[in-house]
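Hi there,

Here is the structure I promised to pass on to you. My notes follow below it, so please keep it open while you read.

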Amino acid sequence: MTDGEYDGAFGGDPAGTGGTGGTGGTAGPPWGEPVGEGRGDPFDEALALANVAAPVRLRPETGAGADPTTMRVPYATGETAAPRSSTPGGGGDVPYTPDDPFSLDDPAACGNSNSSTSRFSSASRSPGHSGPSDPSGPSGPEDPPAPTASGPRPTPAALPWHIARHIAERAVPGPPAPETSALGDALGRTLAAPLTALTDLPSFDTSAMDGWAVSGPGPWRLDHPAGAPEAGPPPGILAGHAPTEVLHDGHALPIATGARIPPGATAVLRSEHGEVRELSDGGRRLYAPQPAPPGQDIRPRGQECRRGDQLLPAGALVTPAVLGLAAAAGYDELTAYRRPRAEVLVLGDELLDHGLPQDGRIRDALGPMLAPWLHALGVEAAAPRHLADDADTLYAAVAESTADVVITTGGTASGPVDHVHPTLRRLGAEVLVDGVAVRPGHPMLLARLAPHRHLAGLPGNPLAAVSGLVTLAEPLLRTLAARPPAAPYRTPLAAPVHGHPQDTRLVPVAYREDERHGLTAAPLHFHGPAMLRGIAAADALAVVPPGGAERGTELELLELPWSAGWSPVSSTGWTAPGGA
């Protein structure tokens, strides 16, 4: 089920806060600015406003020592609340780009509840299904009944995008306790302790090339080692063998790459640099056009590290290369944080899992996309489950899930078949974020189901769901996996981008080279809430501030997981897919 991007039930300023637009209702100054005397932590106050079941403490501006007052807005009530929006006039996702179907001055874009383009009128918005839950339902007789109160739920203010993302990142104090596992099982996890070398690397002097181990200046006599047959060329030293005889001055022995250097050897002469000549007495002599300086082509013991050296810090991601390094350094097991487990619930009676759209039904685009996306983030996720638009079915699925994070798609607005909010009320969940001032995807939410279990509610429109994923689910899962946030960076725009009047926009972009600005981010077409064509050709999402940005403006970028390894150093001659 897709959520109405034009539903007026999200965003805006709650009565009495004095805020305006998409940032209305945020307690305290903007995130990152100093907090005035007598005011609380802006994170805590924003969290309290997002969770309307929690007390909101109103701290006085002056008068140290004054008792803060507390007001409580019940989350699970049927009280009537006027629809609010982050757009003047009460609208939802205002069409502000050429990809959207309306123009800015179209009254249908204002989200008026009397307009025929609004998905639901205020009279039709119901937080639950039409009747109480069946006590003999799938979760047993102890399940609380589904809410039956009529009327829209009280709607909190849409949080600014950066604050909502920070709340998601801090929703858990940290990852679960680390686990020790075999090397192969640690792939994709995060090291819980520094990786310290258990041995010198290399652990003995080794040959870096195929050739001859030589002692002193040349030419060198090629002698047969003791016990070797005199007929034929002298045998060489192979990798895995430990020579014990001393190589005397003026002598040489063939040696293979990686083999241990014999005692007395001063250098390795590469095979292509030496010439063997037969002597009249039947012996052989090795000549070289250039001298072999001491240490040539020898990898000395401890060249890479010494025993006890820190190879990687705690928090490093275990990649295939890290597994190789750990094995070389002597490890059979690694202690790392386990990968978070997520369960994806795709909601909607209108979705098909195969074939062409027909009879008013559409293909499910989110199920095939979300699980691989989560895997790219280092998350364990089984195949998504498709659920019908039924309150009891959703309640049972969420209540019985054992995943660290349940991710739902659709059902986060206030329509008659939008069951996510009623389900959270039945479960007694704590809502941390309920609506974000971001386009697309403003009707997204984050809730705490239990001390170590959360639910991220994504909108049903595909690109809006991507917005919810990178805004709320990804920061939470990153904290659970003990992965550090990506280093923030900004890139100039290759073309101007329209902006929403009050809200942040997330716009798909592709990397391009520009003669004036160097590496740039080119905005892509097809970035409407229901479109995936733009994000499929994108390298990142640009964070566009309210009002938009001109060409050359440096914007924050959120790289997509599969393009995070891309480097501008290797971009010469590279052309981004898709069109700007």
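In strand E24, Ala437 is the bridge partner of Pro160. Two bridges join E24 to strand E3 (residues 159–160), and these strands run parallel. E24 also pairs with strand E28 (residues 504–514), again through two bridges in the parallel sense; here Val438 has Thr504 of E28 as its bridge partner. Strands count as paired if DSSP finds at least two bridges between them, while the strands (E, at least two residues) and helices (H or I, at least four) are themselves DSSP runs, numbered from the N terminus.

A word on the source: this is a predicted model, in which local features need pLDDT of at least 70 and side-chain atom pairs count only at pLDDT 80 or more, while totals for chains, interfaces and linings use all residues. Residues are numbered from 1 along each chain as its sequence is written, and side-chain values use heavy atoms, with hydrogens and water left out.

Back to E24, which spans residues 436–439. In a regular strand the side chains alternate between the two faces of the sheet. Both faces of E24 are covered: Val436 and Val438 are buried on one side, Ala437 and Arg439 on the other. Buried here means under 20% relative accessible area, exposed means over 50%, and partly exposed lies in between (1.4 Å probe, protein chains only).

Next, helix H7 (residues 462–480). Its 19 residues should span 27 Å at 1.5 Å a residue, and the end C-alpha atoms are 25 Å apart, which agrees. The expected span is 1.5 Å times one less than the number of residues. H7 bends by about 40° at Leu469, where the bend is the angle between axes fitted to the seven residues ending there and the seven starting there. Is this helix enclosed or open? Because 19 of the 19 residues of H7 are buried, the helix is largely enclosed by the rest of the structure. After H7 comes Ala482, with a positive phi near 60°.

- An open sheet of three strands runs in the order E4-E16-E5 with antiparallel pairing. Its edge strands, E4 (179–182) and E5 (190–191), each pair on one side only. Four bridges join E4 to E16 (residues 333–337), and Glu179 stands opposite Ala336 in E16.
- An open sheet of six strands has the order E11-E8-E10-E9-E13-E12, with mixed pairing. At its edges are E11 (267–270) and E12 (275–278), each pairing on one side only. Within the sheet, E8 (residues 211–214) and E10 (residues 251–255) run antiparallel, joined by four bridges; Val214 has Ala252 of E10 as its bridge partner.

Thr206 is buried, with a relative accessible area of 6%. Not counting residues up to four places away in sequence, Thr206 touches Gly258, Ala259, Ile261, Asp297, Ile298 and Arg299; contact means heavy atoms within 4.5 Å.

Finally, the whole chain. There are eight helices and 31 strands in it, and buried residues make up 50% of its 580 residues. Of the contacts between residues at least 6 apart in sequence, 72% join residues at least 24 apart.
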